[in-house]
Amino acid sequence: MIRAKIIGSGACLPDNVVTNDDLAKRMDTSDEWIRERTGIRQRYIAKDGEKTSDLALGAARAALADAGISVDVLDMIICATTTPDESFPATATVVQSKLGMTRGAAFDVQAVCSGFIYGLSVADSLIRTGSAKTILVIGAETMSRLLDWTDRATCVLFGDGAGAVVLQAHDGKGDNSDAGILNTKLFSDGRLHDMLYADGGVSSTQTAGKLRMQGKEVFKHAVTNIAAAITASAEASQVDLADIDWFVPHQANQRILDGTARKLGIDPAKVVSTVALHGNTSAASVPLALVEAVKDGRIKRGDLILLEAMGGGFTWGAALIRW
Ligand code: ACO
C-alpha cells in the first residue's frame, strides 16, 4: 500500500514581534486580559509589503532543505491560505514560480484555520492513488491584513506566519506501523457561517472585507467539533487516544486546547502549544506548531501524532500520522 510520508518540514515567521503590551499602547486592552482569556503573549506581524507568498516561500525552502530534495522532485504544491496575495492566481503558483519549479501543478485550498488539514488530506489522496509522488503542502497567512484593528475582541487574537511539509510516496504494509498519514477526517457545516466570516468578497462587495466573529459561540463549537474530529480519526485507525504520542492542534486559544484535552481525557503534557508565541495564524498554525515540536526534539521518528483544526465555515478535521 502506498503511504504519504512526511520527509521534511519547515517554518517561516516575519521578523516583527508584537507583544500584548505593544497592542495595549494602540488600543484599550491589556496583557492581562489577552493572556487570561487566550494564553497569547505575542504574535508576529508581516511588515508593509511582506506578502503571504513571501512567508510561504520561506517555509517551502526550509521544508525542501529539511527533506534534502531539490524543487525538481516536486510534482505539486498545495497552499492553504485565507489571505492570498491576490484574488487570483493561487498563491501556490506564486510560490511555484519563486521556487523555480517549471513542471507539475500548484493550487490553493481554502478552509480557513482547517486549511492545512484539508491540504494534507488532498495531498494524501493524490499520493495514495498514484497521481503524484512528492507534494509540498503549505499553510501560510497574513491574517493581520484581514483584521479590523478597531475591534479589540478579534484583532488581538491573530498573527502571521507559514509552515510547510513535504509528503512523499512510500511503500507501507497497510497497518498502523506504517510511516506516513494513516487517515484524515474532514467535516464542515455551512449553516454556521455567521459565527466566523469575512464581511467582503470579490462577488459581493468587491473588497476583501474584515474578519467578524462571535467569540463565545466559536469557543463552544470549537471544543465539541475538535473533540469529534480527534475521536473520528483515532477510531478510523482503531487507535486508543492514550497511544497517541503528540497532539498538534490548531492554535486558536489555550482555553480551547485545555478544554478539548479535558473533554477527551488527554494528558495536557502531550498537547503541543505555540499559541503564546504565535497567536492564531489560521492555516499556518498547525504546521508552525508541528515544526516547533519536531525541531525541539519532542516529535521523533516513529511517534504517533494527531493534527487537528477548526475554522470558519465552519470547517474542521484531523489527521493521524506515524512520524
Ligand atoms: N481587551 C480588553 N477587553 C476586551 C477585549 C480586549 N482585547 N476584547 C473584548 N473585551 C471586553 C469586551 O468588550 C467585554 O466587555 P464588557 O463585559 O464590558 O462588555 C468583555 O471583555 C468580555 O467580552 P467577551 O467577548 O464576552 O469575552 P470572552 O470571555 O468571550 O473572550 C474571546 C473573548 C477571547 C474572543 C473568546 O470568546 C474566545 O476565545 N473565543 C474563541 C474564538 C477563537 O479562538 N477564534 C479563533 C478563530 S476560530 C478558530 O480558530 C477555532
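**Ligand contacts in a predicted model**

Biologist: How far does a polar side-chain atom of Asn 280 lie from an oxygen atom of the ligand?

Modeller: In this predicted model, the pair counts as a polar contact if the two N or O atoms are within 3.5 Å. The polar side-chain atom of Asn 280 and the ligand oxygen are separated by 3.2 Å.

Biologist: What percentage of the ligand's area does the protein bury?

Modeller: Taken alone, the ligand exposes 1,000 Å². Of that area, the share buried by the protein is 74%.

Biologist: Which helix gives the largest share of the shell around the ligand?

Modeller: The ligand is surrounded by 23 residues, with Thr 29, Arg 37, Lys 216, His 250 and Asn 253 the closest. Helices H2 (31-38), H6 (152-155) and H7 (215-236) each supply at least two residues of this shell. The largest share, 4 residues, comes from H7.

Biologist: Which class, by number of residues, does the shell around the ligand have as nonpolar, polar or charged, and how many of each?

Modeller: The shell draws at least three residues from each of domain 1 (2-171) and domain 2 (180-322). By class, its residues divide into 6 polar, 4 charged and 13 nonpolar.

Biologist: Why is the protein chain as compact as a globular protein of that length?

Modeller: The protein chain has 10 helices and 13 strands. For 323 residues the globule rule gives 20 Å, and the chain is as compact as a globular protein of that length because its radius of gyration is close to that value, at 18 Å.

How values were computed
Residues are numbered from 1 along each chain as its sequence is written. This is a predicted model: local features need pLDDT of at least 70, side-chain atom pairs count only at pLDDT 80 or more; totals for chains, interfaces and linings use all residues. Side-chain values use heavy atoms; hydrogens and water are left out. A residue is near a molecule or strand if one of its heavy atoms lies within 4 Å of it. A polar contact is a pair of N or O atoms within 3.5 Å; within protein, one must be able to donate a hydrogen and the other to accept it, and residues adjacent in sequence count only if both atoms are side-chain atoms. Accessible areas come from the Shrake-Rupley method with a 1.4 Å probe; for residues, only the protein chains shown count as cover. Ala, Val, Leu, Ile, Met, Phe, Trp, Tyr, Cys and Pro count as nonpolar, Asp, Glu, Lys and Arg as charged, and the others, Gly among them, as polar. Domain bounds come from an automatic or database domain assignment. The radius of gyration is taken over C-alpha atoms; the globule rule is 2.2 Å times the number of residues to the power 0.38.
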